[in-house]
Amino acid sequence: QVQLVESGGGLVQAGGSLRLSCAASGSFASINAMGWYRQAPGKQRELVAVIPNGGSTNYADSVKDRFTISRDNAKNTVYLQMNSLKPEDTAVYYCNADITRYSLGYMRSVSYWGQGTQVTVSS
């Protein structure tokens, strides 16, 4: 069993900052790519940022100059530093991780989701 738990959401004024955290726990062999998604009211869930276990990060165009994704492998945690927040950033932010674990006699990679944390940016 694997769990992802997000934290750090809240209410901020436009121009403010928040730092989201997502910690993975449970039994697994490795965490591969980790990412953040968000879903605004009336909108589909969209990719915000992705960080692989190695290589370069990737950001949505709407956030790439303002958000920074990072990870601490020793803590099995991924972060999203959000600066210069705008009202249009208001959404539920979801952590996602591609995790390899030994199950049913073989190694398999499974995508896991956190339950989300609300980010609200006021004008």
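These are my notes on what I looked up in the structure.

**Ground rules**

I am working from a predicted model, in which local features need pLDDT of at least 70, side-chain atom pairs count only at pLDDT 80 or more, and totals for chains, interfaces and linings use all residues. Residues are numbered from 1 along each chain as its sequence is written, and side-chain values use heavy atoms, with hydrogens and water left out.

**Disulfide**

I looked for disulfides, meaning pairs of cysteine sulfur atoms within 2.5 Å. The structure holds 1. The bond joins cysteine 22 to cysteine 95, with an S to S distance of 2.1 Å. I noted where the two cysteines sit: cysteine 22 is in strand 3 (residues 18-26) and cysteine 95 in strand 9 (residues 91-103), so the pair ties together parts that are 73 residues apart in sequence. On the scale used here, buried means under 20% relative accessible area, exposed over 50%, and partly exposed in between (1.4 Å probe, protein chains only).

**Salt bridges**

Next I looked up salt bridges (a side-chain nitrogen of Lys or Arg within 4 Å of a carboxyl oxygen of Asp or Glu). A search of the whole structure gives 4.

I started from aspartate 89. Aspartate 89 forms a salt bridge with arginine 38, and the closest N and O atoms are 3.0 Å apart. The two come from distant parts of the chain, with aspartate 89 in the loop between strand 8 and strand 9 and arginine 38 in strand 4 (residues 30-39), 51 residues apart. Both aspartate 89 and arginine 38 are buried.

Aspartate 89 also meets arginine 66 in a salt bridge, at 2.7 Å from N to O. Arginine 66 lies in the loop between strand 6 (58-59) and strand 7 (67-72), and is 23 residues from aspartate 89. Arginine 66 is buried, as is aspartate 89. Which residues do the shared partners join into one network? I listed Arg38, Glu46, Arg66 and Asp89.

I recorded the bridge between lysine 64 and aspartate 61 as well, at 3.6 Å from N to O. Lysine 64 is partly exposed at 45% relative accessibility, and aspartate 61 is exposed at 64%.

**Arginine 45 and the rings**

I then looked for charges over rings (NZ of Lys or CZ of Arg within 6 Å of the ring centre and within 35 degrees of the ring normal). Arginine 45 lies over the face of tyrosine 94, 3.7 Å from the ring centre. The charged end of arginine 45 also sits over the ring of tryptophan 113, at 4.8 Å from its centre.

**Positive phi**

Most residues other than glycine have a negative phi. I noted serine 84, a residue other than glycine with a positive phi near 50 degrees. Serine 84 is in the loop between strand 8 (77-82) and strand 9, and is partly exposed with a relative accessible area of 42%. I noted leucine 104 too, with a positive phi of about 55 degrees. Leucine 104 lies in the loop between strand 9 and strand 10 (106-113) and is exposed at 71% relative accessibility.

**Threonine 117**

I placed threonine 117 in strand 11 (residues 117-122). Buried or exposed? At 12% relative accessibility, threonine 117 counts as buried. A polar atom of its side chain lies 3.3 Å from the backbone nitrogen of glycine 9. Leaving out residues up to four places away in sequence, I list the contacts (heavy atoms within 4.5 Å) of threonine 117 as Glu6, Gly9, Leu20, Ala91, Val92 and Tyr93.

**Valine 5**

Valine 5 is in strand 1 (residues 2-7) and is exposed, with a relative accessible area of 51%.

How values were computed. Helix = DSSP H or I, 4+ residues; strand = E, 2+ residues; numbered from the N terminus. Polar contact = N/O pair within 3.5 Å; in protein donor to acceptor, adjacent residues only side chain to side chain.
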